[in-house]
Amino acid sequence: MKIAIIRLSALGDIIQTSIVLQFIKKINPKASIDWFVDERFKDLLQNHSLIDHIYALPLKDKKIQKTLALILKARKNHYDMILDFQGLIKSALSAKMLGSNIFGYDKVGLKEAFASNFYEYKLDISYNENVFIRYLSLTSFAFNQEFTLQDIKFKNPCFKADEELKEKLSTTLKLSENQHNILIHVGSSEENKIYPKEKLAILCKLIIDNYPESKIFLAWGNDKELKFTQDLVAFNLIAQNQISILPKLNLQELIAVTKIMDLIIGNDSGPTHLAFAMNKPSITIFGATPSQRNAFATPTNKIIDSGKKIPNAKYLDKSDFCISRIDEEDILKLVKELLNG
């Protein structure tokens with residue numbers, strides 16, 4: 001059986017969708033799986049043991065002719081099943097050009113409702129449903145096989161770190177040998193998803209005060225986030241040798257760094273969600289995005305939010321900075337639960 005998965009972007013969504021790979025292989029171990037992704041994110045999926053071929057589409061660069069050529073070439077694979085987990089018009093069109101037997105969401109479960117017109121088989125599920133349940137529900141619908149919450153709670157790691165790269169980074173970063181190594185992601189796709197700099201500086205101090213032999217590593221993805229980390233360190237609330245700004249990481253390095261850390265803390269963002277995907281202890285901080293939809297809590301994967309109800313995930317208020325209401329002490333409590341547990 002040949003299967004096409006369409007999840008073009010963004011980083012966090014691709015990471016979360018990856019859980020379906022092991023579920024598909026559980027149902028049909030001999031299934032051949034191709035993944036269609038925006039060229040910017042192809043390195044995240046490279047050498048994935050459950051993916052047979054990656055089709056990297058240059059959509060962000062708007063190279064339409066090259067994108068069409070890649071899709072038409074892939075069409076010759078004659079897929080038995082095409083699953084569009086993205087549910088946007090561009091992903092639905094890609095699916096339609098690939099062939100038939102396309103599975104997607106009904107219009108009520110889509111942000112761009114028109115995309116449902118391109119699917120032969122449509123799953124009726126709320127857009128506000130938890131993303132992991134949405135992805136596994138669509139897979140379950142396509143294969144007519146049930147899944148349970150155990151498939152999420154007891155999943156295998158969705159990504160594997162390169163051993164050589166992991167060893168190299170472990171040496172370069174000079175990890176703490178006595179206590180804990182903690183990775184903090186400072187950035188996110190929207191300003192109102194970012195935990196305030198001053199509060200994050202206080203949180204770092206609280207962590208080091210409680211775990212004095214630990215080390216904190218700050219990760220960033222662009223120049224603005226780099227400046228954020230530099231300003232955070234400049235607060236001088238903790239010793240310089242206990243907090244480090246990482247170099248800019250590529251996606252394979254990000255996977256490796258996630259693997260060697262004891263705890264990952266961050267905003268609602270792809271790098272933070274990677275910790276959950278890799279079964280690493282994590283704390284995800286939510287503001288004006290719905291925590292119950294965008295993450296899955298487990299004993300080792302904690303969620304904290306402002307307590308504000310987000311009634312509809314389709315319409316988010318980007319001017320809402322309720323994330324600033326979250327107390328640093330409350331995050332520290334979760335840190336203690338995970339590090340002392």
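# Briefing: a buried serine, a helix crossing and salt bridges

S18 touches W35, C158 and F159, leaving aside residues up to four places away in sequence. The model is predicted. S18 sits in the loop between α1 (11-17) and α2. S18 is buried, at a relative accessible area of 2%. Across the whole structure, a search finds 15 salt bridges. Helices α8 and α11 pack with their axes 9 Å apart.

**Packing of α8 and α11**

- Two packed helices are described by the angle between their axes and the distance between the axes.
- Helix α8 covers residues 163-173, and helix α11 covers residues 251-260.
- The two pack at an angle of about 65°.
- That angle makes α8 roughly perpendicular to α11, because 65 to 115 degrees counts as roughly perpendicular.
- The crossing of α8 and α11 is right-handed.
- On the α8 side, the contact is made by L165, K166, L169, S170 and L173.
- On the α11 side, Q252, E253, A256, V257, K259 and I260 take part.
- By class, the residues of the contact of α8 with α11 are six nonpolar, two polar and three charged.

**Salt bridge K26–D151**

- The side chains of K26 and D151 form a salt bridge, with 3.0 Å from N to O.
- K26 lies in helix α2 (residues 19-27) and D151 in helix α7 (residues 150-153), so the bridge ties together parts that are 125 residues apart in sequence.
- K26 is exposed, at 58% relative accessibility.
- D151 is buried, with a relative accessible area of 18%.

**Salt bridge K302–E337**

- K302 and E337 meet through their side chains in a salt bridge of 3.3 Å, N to O.
- K302 belongs to strand β12 and E337 to helix α14, so this pair links parts that are 35 residues apart in sequence.
- K302 is buried, with a relative accessible area of 18%.
- E337 counts as partly exposed, at 45% relative accessibility.

- A salt bridge joins the side chains of D330 and K333, at 3.7 Å from N to O.
- Both residues lie in helix α14. They are three residues apart, about one turn of the helix.
- D330 is partly exposed, with 35% relative accessibility.
- K333 is exposed, with a relative accessible area of 51%. The cut-off for exposed is over 50%.

**The loop residue K309**

- K309 lies in the loop between β12 (301-304) and α14 (328-340).
- K309 is exposed, at a relative accessible area of 76%.
- The C-alpha atoms of K309 and I152 are separated by 24 Å. Along the chain, the two residues are 157 residues apart.

Methods:
Residues are numbered from 1 along each chain as its sequence is written. This is a predicted model: local features need pLDDT of at least 70, side-chain atom pairs count only at pLDDT 80 or more; totals for chains, interfaces and linings use all residues. Side-chain values use heavy atoms; hydrogens and water are left out. Axes are lines fitted to C-alpha atoms, for helices over the stretch in contact, and angles run from 0 to 180 degrees between N-to-C directions. Helices (H or I, at least four residues) and strands (E, at least two) are DSSP runs, numbered from the N terminus. Angles under 35 degrees count as roughly parallel, over 145 as roughly antiparallel, 65 to 115 as roughly perpendicular and the rest as oblique. A crossing is left-handed if the near helix is turned anticlockwise from the far one by less than a right angle, and right-handed if clockwise. Contact means heavy atoms within 4.5 Å. Ala, Val, Leu, Ile, Met, Phe, Trp, Tyr, Cys and Pro count as nonpolar, Asp, Glu, Lys and Arg as charged, and the others, Gly among them, as polar. Buried means under 20% relative accessible area, exposed over 50%, partly exposed in between (1.4 Å probe, protein chains only). A salt bridge is a side-chain nitrogen of Lys or Arg within 4 Å of a carboxyl oxygen of Asp or Glu.
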